[in-house]
Amino acid sequence: MKARASLSKHERWSVASRVGAAVLGGYALAAFFASTVSLLVRHPREEALHLGTLPSFLVFLAAVLWAFASRSAWRAWLGILIPLSLLALLTWLLNHTPPS
Amino acid sequence: MKEGFRRSMSWLHTWTGLLLGWVLFAMFLTGSAAYYRWEITHWMQPELRSTSQPLETALSAVTRLENIAADSPQWFIDLPDGRNDAARLLWRIPGPERRFGQETMDPANGRKALARETLGGDFFYRFHFQFHLPPLWGRYLAGLAAMFMLAALATGVIAHRRFFADFFTFRPGRPGLRSWLDFHNLAGVLTLPFCLVLAYSGLVILSPLYMPWGRLALAEPAHNPPAAGPIVTKHSIPMAPLAPMLQAADEAWGRTENGLRRIEISGRGTEACIVTLVRGQGRSLSVNSAERLRFNGASGLRLDAPSGERGPAGNLHGALYGLHLARFAGPFLRCLLFLTGLLATALIGTGLVLWTQRRRSSLGHTRPAFGLVLLEKLNLACIAGLPLSIAAFFWANRLVPATLEGRSDVEVQVFFCVWAAAVAHAFIRPQASAWREQLDSAGLLYLCLPALDLLTSGKHLQAAVINADRAHLGFLATMLVCGLLLLRISAKMRAHANPPSHTTQPATAEESVT
């Protein structure tokens, strides 16, 4: 616990960056996970909704753990941004394909 | 590598636990109390003791609403049951905003209950996820805290090298950090499933607020009758008589413990008026399992029940929702849940205390930073101050005149004033004495509550004893136990602050620094 007092400037930025990745990146990842799964299932509506929403909080949690467990802040961001952009792309595609 | 991982998880555990620790402490304490929401209301309204027939009560509730909320588009009627003495009427106030009026009706005479006005157990229930803040802000804060709780639990398990071995390690006699830490670990292992389920299901319950993205992605189909509706005028369509609908419910469900429990009427005054009769949940786990009968309110014709078919995810959602509310729990399970909730509260409290103690012990004799002192004071004002202000809330219920206008607000004001005083007291007094004084006074307030009950509403207490009123007497017994528990914690703290070898020096190192 003493370590915090002697955190270097670099380490401080690293922590702040990880917090950003965990909170903003993690939430965005969970949000796009929810919308992608809901759009993939689509029917019945309530079921699609729950299938997307229920696990999304665990996705958020996993992202938070990842952000602080990964070796560097860069890896933390990469590990969140890559699946995030994939899911965002999927959401966009599913939104622009009429349901069969 | 593996050690680094564990260390970073441990770091995350301390910070997620600390940052919203006070919020979580308050959530778990008031949430535990909310398991006895109706029993607390029962004690706080001693004037209201009735046994009633649901059907007759339903009819008089409708008559009452015709008198006080005739122009409202939407009514809700909660009928009394084994845990709830009165009918609770709720109606939407006409207008663009979503505002509701409410009244407690005495089933015995169909009029406004003459019981003292109080929020009762609802205060704890609401505080548990809204903290008396504007509803949206409170709920966002609660969601954030639940997410922090999940993170703290996950990292706590990972960081804890000997998770199960430590379960069998409790060194209560050891001074200082060790026994706090042992208790924290023990409570953590015992309550882990409880905390996980409660934090997760809490998020799930309010997920339309926290995770609306699935719903937004699936374009909303047009639905819902005009619930807000226009203001009901004299020319609007009258309602069909309710008695035949109630009769149908009576035939379908009988008058058992889980017969008719709630009536919802929406779209009043229009042709699309819908009357929904909801059956009591009984001992069923899921909230989705509540059976309903629906009628067109204008014609009185029975409508098809909405398809009750749900997929596995829908069922899981209903079960998680039901688990959190614990309406299914009978007396024994309810008590167990309450005790687990208190243990989880203690888990959070010890975690908070450990954080500051560790910081301080790593400092040696150097002067602590202002931030650390501030944390210590606020820890104290939260952990000891909140039980104290809850006790004051109960005292206010008996001391504020029963007929005073707006007395339920006064009770709430007493709660917050005492809490503010606890904060001030924490800053004025030396640390160790402030802990003891707040815990002692909270303990005494709880212990004397039965005496206060006897002095201020003796005839109600007498009636409770004669009728073997389990809710009333159980409440008082719980208060006695809480009082003893708080005094015991205080005595423990005294023993810690004054180890036997230095009994002559009350000013411990801890005090001299602050």
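This is a predicted model: local features need pLDDT of at least 70, side-chain atom pairs count only at pLDDT 80 or more; totals for chains, interfaces and linings use all residues.
B:R407 and B:E411 sit four residues apart in helix α15 (residues 407-428) of chain B, so about one helical turn separates them. Helices here are DSSP runs of H or I with at least four residues, numbered from the N terminus. The two side chains form a salt bridge, with the closest N and O atoms 2.6 Å apart. By salt bridge we mean a side-chain nitrogen of Lys or Arg within 4 Å of a carboxyl oxygen of Asp or Glu.

Residues are numbered from 1 along each chain as its sequence is written, chains are lettered from A and ligands numbered from 1 in the order written, and side-chain values use heavy atoms, leaving out hydrogens and water.

Searching the whole structure turns up 13 salt bridges over all chains. Among them are these:

| Pair | Closest N and O atoms |
|---|---|
| B:E376 and B:R360 | 2.7 Å |
| B:R429 and B:E437 | 2.5 Å |

B:E376 belongs to helix α13 (residues 370-383) and B:R360 to helix α12 (residues 331-363), both of chain B, so this pair ties together parts 16 residues apart in sequence.

How about burial? Buried is under 20% relative accessible area, exposed is over 50%, and partly exposed is in between (1.4 Å probe, protein chains only). B:R407 is buried at 0%, and B:E411 is buried at 0% too. B:E376 counts as buried at 3%, as does B:R360 at 13%. B:R429 is partly exposed at 32%, and B:E437 is partly exposed at 30%.

Finally, B:D78, B:R262 and B:E264 are linked in a salt-bridge network.

Key
Helices (H or I, at least four residues) and strands (E, at least two) are DSSP runs, numbered from the N terminus.
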